[in-house]
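Please look through the sequence and the model shown here. The paragraphs after it lead from one residue to the contact between the chains, and then to some local features.

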Amino acid sequence: MHIASGFLSPPVWGTMAAVSGAALAGSLVVARRHLDERRVPLMGVMGAFVFAAQMVNFPILPGTSGHLGGGFLLGILLGAPLGIISMACILAVQSLVYQDGGLEALGANIFVMGVVPCLLGAGVRRLWLRPQPGAIAYGLSLAGGILAVVGGATVVILLLGWSESLPRKVSLIQAIGVMDSIHLAIGIVEGVVSVAVVRFVLAARREAVVGVGDRVSGEETAA
Amino acid sequence: MTAYNRWTLIVGVAVALVIGGVVSYFASSAPDGLEKFQEDQGAATPAYPTVETLPIAFQEYNFNGLGEGFWANAVAGVVGSLIVLAILLLVGYALRRRRPPVPRGGSVGS
């Protein structure tokens with residue numbers, strides 16, 4: 001879903017650079033205040049995992065592929081600030097080293113694949129920190145993964161439309177319809193993979209997932 | 001670094017490297033959802049000046065000099081994952097609290 005170079009107008013990419021820059025700065029300030037060093041290895045490992053996973057394009061329809069976004073997963077496991085920092089790093093490396101995603105579109109790409117999905121993931125994070133995450137955690141995470149990808153795809157179309165980079169023969173609504181229907185399938189994969197990876201990491205390294213600010217019922221009195 | 005953190009790193013990085021270095025070679029080469037949309041709608045030509053980041057070491061996800069085969073992809077996946085790991089560890093350890101605060105109410109003590 002990386003927006004390539006040359007498709008966003010200067011006012012649009014400038015605005016998105018400012019928005020994502022502010023989100024990243026805010027994330028760094030929060031991390032500076034709260035980051036427990038036991039969580040740093042998990043942040044590094046999950047960042048490497050998401051970079052690698054984004055290289056694995058899977059077929060969606062004949063002639064179309066999709067790949068994991070990963071921001072939703074990082075939002076659940078790391079919370080929004082560390083997730084946004086990690087996604088910004090991944091997307092910057094992809095753009096600078098691998099020509100994947102336009103350099104001037106980096107702010108837009110961080111917003112679409114970092115800020116939005118990380119906030120959604122952070123929204124369901126608390127459900128996973130319960131002693132026994134149940135059907136609500138699974139269901140809302142699947143829905144959240146779909147919403148993260150379809151919502152991101154919608155934002156991409158809005159930014160392309162605002163930049164007048166959409167074809168004149170289709171309306172904005174039609175474009176969103178086409179784009180969202182492709183990304184609905186990708187979103188289902190995103191949701192399922194996110195749930196599976198969160199389950200695995202919680203089983204293996206729960207202590208690295210729980211942060212300083214997290215209130216976990218049943219554990220708080222043990223401290 | 002504790003043994004606990006070391007194992008998190010070793011196992012996690014190994015998984016990432018296998019996915020980035022090996023599994024990704026078998027990925028679909030079809031355009032992704034956005035590229036497909038732009039091609040189908042005849043909107044795949046940039047309307048604004050493009051900013052090119054130079055393919056100094058990698059041509060997209062292939063290591064320069066190794067063509068487009070398994071090893072070119074493997075080097076790209078392994079190196080990219082390690083770059084992200086290194087940056088996040090540096091940033092994370094630079095930002096971390098050196099001394100955990102006194103546990104208050106809901107925080108989990110060490």
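In which loop of chain A is the place of Q99(A)? Q99(A) sits in the loop between helix 4 and helix 5 (106-128) of chain A. Helices here are DSSP runs of H or I with at least four residues, strands are runs of E with at least two, and both are numbered from the N terminus.

The model is predicted, and local features need pLDDT of at least 70, side-chain atom pairs count only at pLDDT 80 or more, and totals for chains, interfaces and linings use all residues. Residues are numbered from 1 along each chain as its sequence is written, while chains are lettered from A and ligands numbered from 1 in the order in which they are written.

Q99(A) counts as buried because it has 20 C-beta neighbours inside 10 Å. The cut-offs are 20 or more other C-beta atoms within 10 Å for buried, 12 or fewer for exposed, and in between for partly exposed, with C-beta atoms placed from the backbone. Apart from neighbours within four places in sequence, Q99(A) is in contact with T53(B), P55(B) and E60(B). Two residues are in contact if their C-beta atoms, placed from the backbone, lie within 7 Å. The C-alpha atoms of Q99(A) and I84(A) are separated by 21 Å, and these residues are 15 apart along the chain.

One of the partners of Q99(A) is E60(B). E60(B) lies in the loop between strand 1 (58-59) and strand 2 (62-63) of chain B. Its phi is near 50 degrees, a positive value in a residue other than glycine. Most residues other than glycine have a negative phi. E60(B) has 13 C-beta neighbours inside 10 Å and so counts as partly exposed.

Chain B has 3 helices and 2 strands, and its elements run α-α-β-β-α from the N terminus on. Of the 110 residues in chain B, 28% are buried.

The contact between the chains takes 69 residues from chain A and 58 residues from chain B. Among the elements of chain A that each supply at least two residues are helix 1 (10-34), helix 4 (80-98) and helix 7 (172-209). Helix 2 of chain A gives the largest share of that side, 12 residues. The side of chain A that touches chain B has 42 nonpolar, 17 polar and 10 charged residues. Here Ala, Val, Leu, Ile, Met, Phe, Trp, Tyr, Cys and Pro count as nonpolar, Asp, Glu, Lys and Arg as charged, and the others, Gly among them, as polar.

How does helix 2 of chain A lie against chain B? What is the angle at which the axes of helix 2 of chain A and helix 3 (residues 70-95) of chain B cross? They cross at roughly 155 degrees and come within 8 Å. Helix 2 of chain A is therefore roughly antiparallel to helix 3 of chain B, a term for angles over 145 degrees. The residues in this contact include G44(A), A48(A) and F51(A) of helix 2 of chain A and G80(B), V84(B) and L88(B) of helix 3 of chain B. By class, the contact has 11 nonpolar, 6 polar and no charged residues.

Another positive phi in a residue other than glycine, near 60 degrees, belongs to E164(A). E164(A) is in the loop between helix 6 and helix 7 of chain A. With 12 C-beta neighbours inside 10 Å, E164(A) counts as exposed.

Notes:
Axes are lines fitted to C-alpha atoms, for helices over the stretch in contact, and angles run from 0 to 180 degrees between N-to-C directions. Angles under 35 degrees count as roughly parallel, over 145 as roughly antiparallel, 65 to 115 as roughly perpendicular and the rest as oblique.
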